[in-house]
Amino acid sequence: MEPSSLSGLPAGVGEALEAEGVAELYPPQQAAVEAGVVDGESLVAAVPTASGKTLIAELAMLSSIERGGKALYIVPLRALASEKKAEFERWEEFDVTVGVSTGNYDSDGEWLASRDIIVATSEKVDSLIRNGAPWIDDLTCVVSDEVHLVDDSHRGPTLEVTLAKLRKVNPGLQTVALSATVGNADVIADWLDAELVESDWRPIELRTGVHFGNAINFDDGSQREVPVERGEDQTAELVGDALDTEEDGQGGSSLVFVNSRRNAESSARKLGEVTSSRLTGEERDRLRELAEELRGVSDTDTSEDLADAVEQGSAFHHAGLASEHRSLIEDAFRDRLIKCVSATPTLAAGVNTPARRVIVRDWRRYDGEFGGMQPLDVLEVHQMCGRAGRPGLDPYGEAVLLANSADTREELFDRYVWAEAEPVRSKLAAEPALRTHVLATVASGFAATRDGLLSFLDNTLYATQTDDEGRLAAVTDTVLDYLEVNGFVDRDRDGGSEGLAATGIGHTVSRLYLDPMSAAEILDGLRTVADGADDEGAESGESGEFVPADGADSAPDADADADDAEFTTYTRADEEGDDPADEPAEPDADEGPAVTPLGLYHLVSRTPDTYELYLKSGDREEYTKVCYEREAEFLGDVPSEYEDVRFEDWLAALKTGRLLEDWANEVDEDRIAERYGVGPGDIRGKVDTAEWLLRAAETLARDVDGIDGDVVVQVREARKRLEYGVREELLDLAGVRNVGRKRARRLFEAGIESRADLREADKAVVLGALRGRERTAERILENAGREDPSLDGVDPDRSASAAATAGADADGDGDGQASLGDFG
């Protein structure tokens, strides 16, 4: 079937596809057309990676727009949203407009009403519905990419409920769900009232096998010799073999999956010895340039280690990297400049990173609940294998698992190569998931009674799958009790049907996209300031107390590794440049808790919306000491040491809060990374989450009676210090665009202390403080409102430069490399 033969698309789209090289539709795409995807019919496409799922989605969206509608494309990851937006923008020549929205959970995204295609994460779509985005009613087509992720316990419930709400708001909505091959795609199709297109067809051959001894044995019965001598590394030999096997004039790149961040980094270093010897002179020059760009992203050891590996043609990829790191690595790998990437499984989902050969080195991963190493799910391994080979880039793809014995080789064939992927199961009935979505469902007007709420939940995948009809009702009633006792929902039990209505604060919590337990924790903590230590929490809902729910314990970061390096302990006295005067003063015993940045950072860190830092060996003793030294700052009672789980959770939140405090005290990023055993991506993630929660806390403090206005100001200041990564005296300067935390400190030490000073200061002093970087200085002066920002003919003031350097170094500025805060 030729694209130009399709009807229902904007004029010229079919011909444009053929001009791109799509001479004929792939078999799964043709099956989707025959199932009515261009006629507005709902569809589930369960087909392998690289088999044309995105074009199926584009056909649905473009035909919907041609009929006068609006389309929404839901993605699981922010990085994937940007990738898809760029991909869809090629349709703008046909007057199709594209918008993307992934953050700012308390806005209604009104500007998106003017876009024909909107790309957003499921969390953003959920928040848009909660905030009453008017254009939601105009949607005629929704595409859910990677819909099998409804099986994910963290993000799955949001996707599930969001799709249920969209289908209720728009009864005639065309729903197109794109999935990997799973064990029960028919169940997903039944849930969405959709036709099913299921196929194992791929445009290029994918051979999957196991390497043992001196050869890869593939699933088609073929064998490829890759000798590994005694003492040689299996992975290194496979990577070298792929690079030495030229197809279309070039060797093949490899993607190596390992089970931890530390293993990804060590693997990249070792494999650099393989890739470096196979680089051309031009590639070496380009890689050196890329390495310098990577070093400029952050001033951490992680950034330096990544750059060192990249210079050798190798790289690592994991969630601890900054987003700029990951983007640069992905682009260079797609361009075949980087020859091998060692990655944790985070790279297996979504982002387009093709390789000639995928090597699944580690097929077991540490499971904290199990307390040991556990085999990966079949679906996860199949997703990794699906990254092998891309049309137009590779003539074939190879996916290889590694075995160290004949028995293991047979086990891997049975467990993964021959096995079908597991069925997808809803995770909605877990209480933490329902807490958030029950409140949002009531607050958004989707249910006004208990019966109406249960009726709405009948439209979810969970209701389609469960055999226990009473389970969902029982968990829902428990959640309603919790919401009522904390003052988020009113229940009218008079009459035949129990009425439900969100309270004012319940509406606020839903709009802010908070877990209700996070809101209860924050409110309880803030009220300790208002009520004093003797009667804290006196007005929390009807009962006057924060009521925990089961299953609310915060987990360590999903990508945290059990085998990461031991944490090195420090105290504040270890920090060069720390001034004892910066330590918070002890409050009067009769005044109740003081509001300090650490108290607020600890408060938001102990909410279920934050992944606390993991307590490693030796941390309990260190943070127990800090806990009692700074007990007066905590907004809430410290649990007893004999309550092991609660006390350890409190200390994990304290460790997280201390990281945030260090960031706000201008401690160097590399020092924070070393101190807490994290990467730059972790630091930015913790800062962004805490900033969002403090913004929500600021709103809650304004909306709730009994909380003093001074508390609102203190919360705002703590939030702004996090946003800019600076101490209080730099807030005004750091708020100027392009200044950031380190430039603000340099300007301050040179005597420029405010935005107003930037408008009046001697230009030579400004230029000296900014190391003579003329273009940067001109942008900053312009952003500060200087009438004439030009620095033509201005020489930097050397004394200002010396003062700025000395002052910045005293605050831990080190070698002056850029940090995350320099890009604010």
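Author: Helices (H or I, at least four residues) and strands (E, at least two) are DSSP runs, numbered from the N terminus. By that reading, the protein chain has 32 helices and 19 strands. This is a predicted model, in which local features need pLDDT of at least 70, side-chain atom pairs count only at pLDDT 80 or more, and totals for chains, interfaces and linings use all residues. Residues are numbered from 1 along each chain as its sequence is written, and side-chain values use heavy atoms, with hydrogens and water left out.

Reader: Thanks! In which order do the eight strands of the open sheet lie?

Author: Strands of a sheet pair through backbone hydrogen bonds, either parallel or antiparallel. Two strands pair here if DSSP finds at least two bridges between them. The order is β10-β9-β8-β17-β14-β11-β13-β12, with mixed pairing. β10 (223-225) and β12 (314-317) each have a single partner strand, so one side of each edge strand is left without a neighbour in the sheet.

Reader: Which strands pair with β17 in the parallel sense?

Author: β8 (residues 206-212) runs parallel to β17 and is joined to it by six bridges; G209 stands opposite V400 there. β14 (residues 357-360) also pairs with β17 in the parallel sense, over four bridges, and V360 has L401 as its bridge partner. For the antiparallel case, look at β9 (residues 215-218), which three bridges join to β10; N217 stands opposite Q223.

Reader: Is β17 buried or exposed?

Author: Buried means under 20% relative accessible area, exposed over 50%, and partly exposed in between (1.4 Å probe, protein chains only). In β17 (residues 397-402), six of six residues are buried. G397, A399 and L401 cover one side, with E398, V400 and L402 on the other. Across the 824 residues of the protein chain, 57% count as buried.
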